[in-house]
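Please follow this walk through the fold with the coordinates open beside the text.

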Amino acid sequence: MLHKTLKPFPKDFLWGASTSAYQVEGASLEDGKGPSCQDVKVVPEGTSDLKVCADQYHRYKEDIALMAEMGFNVFRFSICWSRIYPLGDEETPNEEGLKFYDEVISELEKHHMEPLITICHDEMPMHLALKYGGWSNRFVIDCYVKYCKTLFERYGKRCKYWLTFNEVNSVLHAPFMSGGIATPIEELSKQDLYQAVHHELVASASATKIGHDINPDFKIGCMVLAMPAYGMTANPLDQLAVHEFENQNYLFSDIHARGKYPNYIKRYFKDNGIEIQFASGDEEILKNTVDFISFSYYMSVATAHNPEDYTIGKGNIMGGVENPYLEKSEWGWAIDPIGLRLVLNDFYDRYQLPLFIVENGLGAKDVLVDGPDGPTVEDDYRIDYLQKHLIQVGEALQDGVELWGYTTWGPIDLVSASTAELSKRYGFIYVDRNDDGSGSLARYKKKSFAWYKSVIESNGAALYK
C-alpha cells in the first residue's frame, strides 16, 4: 500500500541516465581504437551494426546539452577499453582515446554533471579474447588492472564515482559478451566458467584497492543485474528453487561487499566438483570491498522446481518462467515496479551499504509523430513505467533504504545489447536512425523528456501529482 505521506527524495539525490560506449558511441575503429568483442559480435540480419550506433562519439556535446536541459546532475557512461588499449596487452595507452574522454568529462563539468564511470561494460579488446581466452585466463587480470590504473591516474581528480564492471553476474549466462570467452557456453564446464568468474572478481577487488590508494575519496562500487524471483507455488520445492536462483546473483555482490566466498557457493562447488584455483594473495585481495552496491533492474522472474511444467519467460538471459500476475513489455519482459522496492530492501538489509540504481527503463517501438514543436514521440507508456517504478523507489526510501541516485537506461535511443536493435528504444530523446542504417541521426525530444525534467526539478515530488 502506498504511504499517505511520502518524504521527499534526499536533497543531494543524483538524477540522470546511463549508457554504454559500445551501444551509443559508434566510431568503432576511429582514432586508434582497436576492435572489441562487441565489434565482431554476430547480429541478426536487419538489425543495427555497432559502427555508428547513435553516433555519440561525434555528437556528445549535443547529447550532454540535452541531458543538462532535463536537469541531470549525474551521467553514467562507460569507457571503451579498446579505445584506451587497442590490443589490451600493450604497455602504452592510446592518447587519442584518453583525450576523447577528457573532452566528455569537460563537457559534463561545464553542465555541472557528475561522471559515474563504468570501467568495463560488456566489452574487452578482441585481442585479449582471441589470444588469451578473456577472463578464463588469469593474465587478463594484469591487463585490466593496468587499464584501471591508467583511468584512475588520468581522471581521478575529476571523477569520484566508479563501477568496476557492468552486470558482472551476467558472465554466467553470456560468457562471450560479458567475459570475452569465445568458447560456446554449452562447451564450457562449470569449472571453467567459475574459474573465469574468480579471475574477474579478483580483478575487480584489485581495481578497488588501486583506486582507493590513488584517491581515498573515490566511491567505487560493483554493478550487478538484479532480478528478484518468485516461487510459482507455495510448494517448498518451488521456494527452494527461488533460493538457489537468487544465490547465483547474490554470489557476486556478496564477494564484492563482504570480501570472501560465501558458504552456500562452497557447497555448490563441492556438489559440482568445482575447485577454484586461488593464486597466492587472492584471499587478501578479495577483502578490498566496495563502497556501494549498484544494479540494473528491468524485471522479475518466477521460478519452479519443475520449470518445464510452465511457460519459459522470453527476452532475458537469466531464464525463469512467466509470472501470470504481471504484464509484459513488447519483448516479453515482466513489468514489476514492486520488485524494485523488494530489491532495494533486500540489498540494503543484506549489506547495509549505500545503493545506486544505475539502469531501469522500458524498451519499446516508439513512433515519431508531428507535434506542436516539431517531431516527437507520445510515449505515455514509458512515463507510466518509470513513474510506477520511481514511486516504489520512494517507498523504499520510506522503508529506510540509503539510496544515492537513479539513472535510467538510457537518455537517448541506442542499440539494444540483447537484440542489436535500435528500434528497441529506451531514451527520452529519439534518434533518427533505423535498424537498416537509414536515418539522419537527428535528435528529437519525446514526451517523456519534459516529464523526467519535471521529476528532477521537483526532486521526485512531481511523481505524486
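Helices (H or I, at least four residues) and strands (E, at least two) are DSSP runs, numbered from the N terminus. This is a predicted model, in which local features need pLDDT of at least 70 and side-chain atom pairs count only at pLDDT 80 or more, whereas totals for chains, interfaces and linings use all residues. Residues are numbered from 1 along each chain as its sequence is written, and side-chain values use heavy atoms, with hydrogens and water left out.

Val290 lies in the loop that connects α11 (282–286) with β7 (292–297). Val290 counts as buried because its relative accessibility is 6%, where buried means under 20% relative accessible area, exposed over 50%, and partly exposed in between (1.4 Å probe, protein chains only). Leaving aside residues up to four places away in sequence, Val290 touches Thr208, Ile220, Gly221, Cys222, His256, Ala257 and Leu353, a contact being heavy atoms within 4.5 Å.

We turn now to strand β2. Strand β2 (residues 74–78) is largely enclosed by the rest of the structure, because 5 of its 5 residues are buried. Both of its faces are covered, with Val74, Arg76 and Ser78 buried on one side and Phe75 and Phe77 buried on the other.

Two strands pair if DSSP finds at least two bridges between them. Strand β1 (residues 14–18) pairs with β2 in the parallel sense over 3 bridges, and Gly16 stands opposite Val74 in β2. Strand β3 (residues 114–118) also runs parallel to β2, joined to it by 5 bridges, and the bridge partner of Phe77 in β3 is Ile117.
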